[in-house]
Amino acid sequence: MPELLLELFSEEIPARFQRRAADDLMKAVTDAMVDAGLVYEGARAFVTPRRLALTVSGVPARSPDTREERKGPKVGAPEKAVEGFLRSAGLNSIDEAQVTSDPKKGDFYVATIERPGADAETLLATILPKIIGDFSWAKSMRWGRGDMHWVRPLRAITATFGPENEDPAIIDFTVGELKAGQTTYGHRFLAPDAIRIRRFDDYQTELERAKVVIDLDRRKDTIRTDAEHLAFAQGLSVIADEGLLEEVAGLVEWPVVMMGSFDPRFLELPEEVIIATIRANQKCFCLRGADGKLAPNFIITSNTIAEDGGQTIIAGNERVIRARLSDAMFFYKHDLAIPLEHGLPKLEDMVFHQKLGTQFVRVERLVKLAGELAPQVGADVERTKRAAMLAKADLVTGMVGEFPELQGLMGRYYAAAQGEPTEIATAIEMHYKPLGPSDRVPTEPVSIAVALADKLDLLTGFWAIDEKPTGSRDPFALRRAALGVIRIVTENGLRLPLDVEPELLSFFHDRLKVSLRDAGARHDLVDAVIAEDSNDILEITRRVEALSNLLATADGENLLAGYRRAVNILVAEEKKDGRSYPGSVEKTSLREPEEVALADAVGAAAETVSDRLAQDDYAGAVTALSALRQPVDAFFDKVLVNDADAAVRENRLNLLARLRDTMHLVADFSRIAG
């Protein structure tokens with residue numbers, strides 16, 4: 001079957017856009033093809049710094065004929081309804097429609113719409129220019145005299161279509177001032193001449209000869225493997241950096257890996273500073289020695305094969321890195337000479353938010369809140385306040401001004417070097433964490449108190465000025481802050497009720513549901529244990545875990561079934577009687593041994609559950625509930641709830657109400673699905 005090959009050749013596409021663009025192009029083209037009746041067998045997208053490419057295989061030469069019956073309005077419907085039906089069906093008059101009778105609905109119009117198939121080339125000539133013209137980039141530009149917008153100027157379009165053993169046809173369309181053809185170009189420096197392309201196989205082969213690897217992941221593998229081999233030969237190892245690897249692979253079409261070095265004296269700098277400097281300025285990978293320490297070497301990825309074996313390229317990178325590390329050393333030593341607390345007055349000139357004041361004002365809030373939290377997490381109050389006071393001080397240092405991503409970390413280095421206690425220095429770094437699901441969580445008491453204060457101040461402050469996340473918009477990372485509080489509390493096993501307004505508490509509930517679901521918890525169990533005023537994150541988490549363990553057993557499943565049966569009966573009878581049953585059971589009115597046994601079991605369970613919950617033993621509370629399974633089963637097997645004696649019936653309904661209320665001590669079982 002025929003194959004489509006599409007290539008959009010342009011000036012350099014920013015690396016951060018490439019993978020998304022390849023995926024978007026493939027989805028847009030294949031979706032449009034399917035909508036047009038061109039159901040294909042397979043598709044693959046490729047991207048390099050200068051081209052987006054797509055191959056779609058197993059495409060039919062022609063779309064199939066279609067026949068559709070479209071139901072219209074009833075006979076005698078208003079004229080406007082009939083006119084709308086005619087337009088949608090493409091009919092000239094109602095006489096072209098058929099009348100169909102339905103025994104229940106009466107007579108109505110039906111249009112039979114027949115559409116002949118079309119040649120794939122014709123359809124693609126319509127589909128492709130529209131997709132290219134409407135293609136969405138995060139940033140685009142216009143060039144020349146035309147109105148065409150693209151991420152960078154488009155230089156050529158290749159669009160061929162045809163079966164494997166024949167010369168393909170060029171799909172006839174124009175985008176802007178570019179007419180589709182079958183000409184592409186090789187590597188900008190190593191093989192810049194034009195290349196005539198027929199189909200994907202020779203496209204990939206010819207570009208390989210012209211020093212272009214079209215597969216982004218293959219370029220990544222080449223860089224990774226060659227870098228590891230080069231490092232291993234020197235007794236070193238590459239510091240893994242997946243984000244940098246993705247970026248570098250998007251900067252080259254023919255990756256060539258080399259190794260450079262820098263003056264070992266720069267190793268006096270914190271290794272994070274060296275890595276950030278080399279990564280940000282030269283897109284190079286750093287290395288470690290066999291002892292695990294940073295080595296004075298780096299990996300360069302070039303986009304050309306140098307005649308001198310790369311010596312000029314290496315020397316150029318070494319010069320730039322030496323200059324950048326010299327700047328970093330200057331900032332570092334200058335910052336070290338000034339005590340952190342001396343920078344605090346400068347925070348008065350740094351606005352945190354127009355409605356929430358300066359960073360200095362925020363620090364004052366952090367000191368107060370962290371001091372209040374310290375006793376609750378077992379932290380020394382004075383050291384916690386000191387850590388909170390210094391937490392933002394590195395924002396005014398030269399190093400953080402140059403590398404904002406090092407805030408907190410540099411504060412730790414400076415605090416430690418200036419004689420601050422270890423727990424204070426650590427808290428300065430850790431108070432920002434966790435920054436994501438894989439990031440570390442503070443574990444030392446002072447760090448915990450300051451980190452919680454930082455996030456709670458952020459949340460309560462933005463709630464107070466009504467700047468809350470909406471949809472996917474969250475410019476102040478409030479969702480991340482809430483998830484950070486949740487992780488700090490749960491992973492450190494903290495009983496720390498949240499004293500926040502109801503709307504913010506509800507926001508925490510939503511984030512907790514996300515967190516627990518991501519950890520594998522059932523969404524219905526989360527809903528079952530969270531009440532409107534639940535403000536103890538650890539309690540909620542433990543209840544979900546305990547409930548999940550119960551329902552994973554046969555006893556739990558049967559107990560849930562018994563609960564549902566009891567509640568269904570209660571709901572029906574309360575509706576019929578126009579009253580509720582409070583759960584007050586009269587033992588003297590119990591007749592059958594099974595209801596006596598259930599009453600005793602529920603009474604014992606209620607006492608045990610209350611006792612276990614008071615001791616924060618949720619597993620014990622759930623275990624007490626599981627003991628109800630057999631008496632509940634026996635009750636429903638032997639006892640008729642709606643007894644002819646009204647007093648007996650009422651007592652049995654109260655017994656079911658007490659069963660329900662006892663189970664609700666642990667969770668709202670009515671919210672559990674299944």
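Modeller: Two strands pair if DSSP finds at least two bridges between them. Keep in mind that this is a predicted model.

Colleague: Fine. What is the order of the strands in the open sheet of 3 strands?

Modeller: The order is S4-S6-S5, and the pairing is antiparallel.

Colleague: Which strands stand at the edges?

Modeller: Strand S4 (66-74) and strand S5 (98-102) do. Each has a single partner strand, so one side of each is left without a neighbour in the sheet. On average, and ignoring direction, neighbouring strands here are turned by 35° against each other.

Colleague: How many bridges are there between S5 and S6?

Modeller: There are 5 bridges between S5 and strand S6 (residues 106-115), in the antiparallel sense. As one example, Val99 has Tyr109 in S6 as its bridge partner.

Colleague: What lies across S4 and S6?

Modeller: Helix H2 (residues 79-89) does, running at about 175° to S4.

Colleague: New topic. Which strands does S17 pair with?

Modeller: Strand S15 (residues 237-238) is joined to strand S17 (residues 285-288) by 2 bridges, and the two run antiparallel. There, Ser237 is partnered by Arg288. S17 is also joined to strand S18 (residues 294-302), antiparallel again, by 3 bridges. In that pair, Cys286 has Phe298 as its partner.

Colleague: And which residue takes a positive phi in the hairpin of S17 and S18?

Modeller: Gly292, with phi near 85°; the hairpin has 5 residues between the strands.

Colleague: Which residues of helix H6 are buried?

Modeller: In H6 (residues 242-249) they are Leu244, Leu245, Val248 and Ala249. Seen down the helix axis, these buried residues of H6 fall within an arc of 130°, so they line one face.

Colleague: Why would residues a few places apart point the same way?

Modeller: An α-helix has 3.6 residues a turn, so residues three or four places apart point the same way.

Colleague: What do the buried residues of H6 pack against?

Modeller: They pack against helix H5 (216-233), helix H7 (271-282), S17 and S18.

Colleague: Last one: at what angle do H9 and H14 cross?

Modeller: The axes of helix H9 (residues 359-373) and helix H14 (residues 445-464) cross at roughly 125° and come within 8 Å. That angle makes H9 oblique to H14. The crossing is right-handed.

Colleague: Which residues meet there?

Modeller: From H9, the contacts include Arg362, Leu366 and Leu373. The H14 side includes Ala449, Leu452 and Asp457.

Definitions and conventions. Residues are numbered from 1 along each chain as its sequence is written. This is a predicted model: local features need pLDDT of at least 70, side-chain atom pairs count only at pLDDT 80 or more; totals for chains, interfaces and linings use all residues. Side-chain values use heavy atoms; hydrogens and water are left out. Helices (H or I, at least four residues) and strands (E, at least two) are DSSP runs, numbered from the N terminus. Buried means under 20% relative accessible area, exposed over 50%, partly exposed in between (1.4 Å probe, protein chains only). The arc is that of the directions from the helix axis to the C-beta atoms. Contact means heavy atoms within 4.5 Å. Axes are lines fitted to C-alpha atoms, for helices over the stretch in contact, and angles run from 0 to 180 degrees between N-to-C directions. Angles under 35 degrees count as roughly parallel, over 145 as roughly antiparallel, 65 to 115 as roughly perpendicular and the rest as oblique. A crossing is left-handed if the near helix is turned anticlockwise from the far one by less than a right angle, and right-handed if clockwise.
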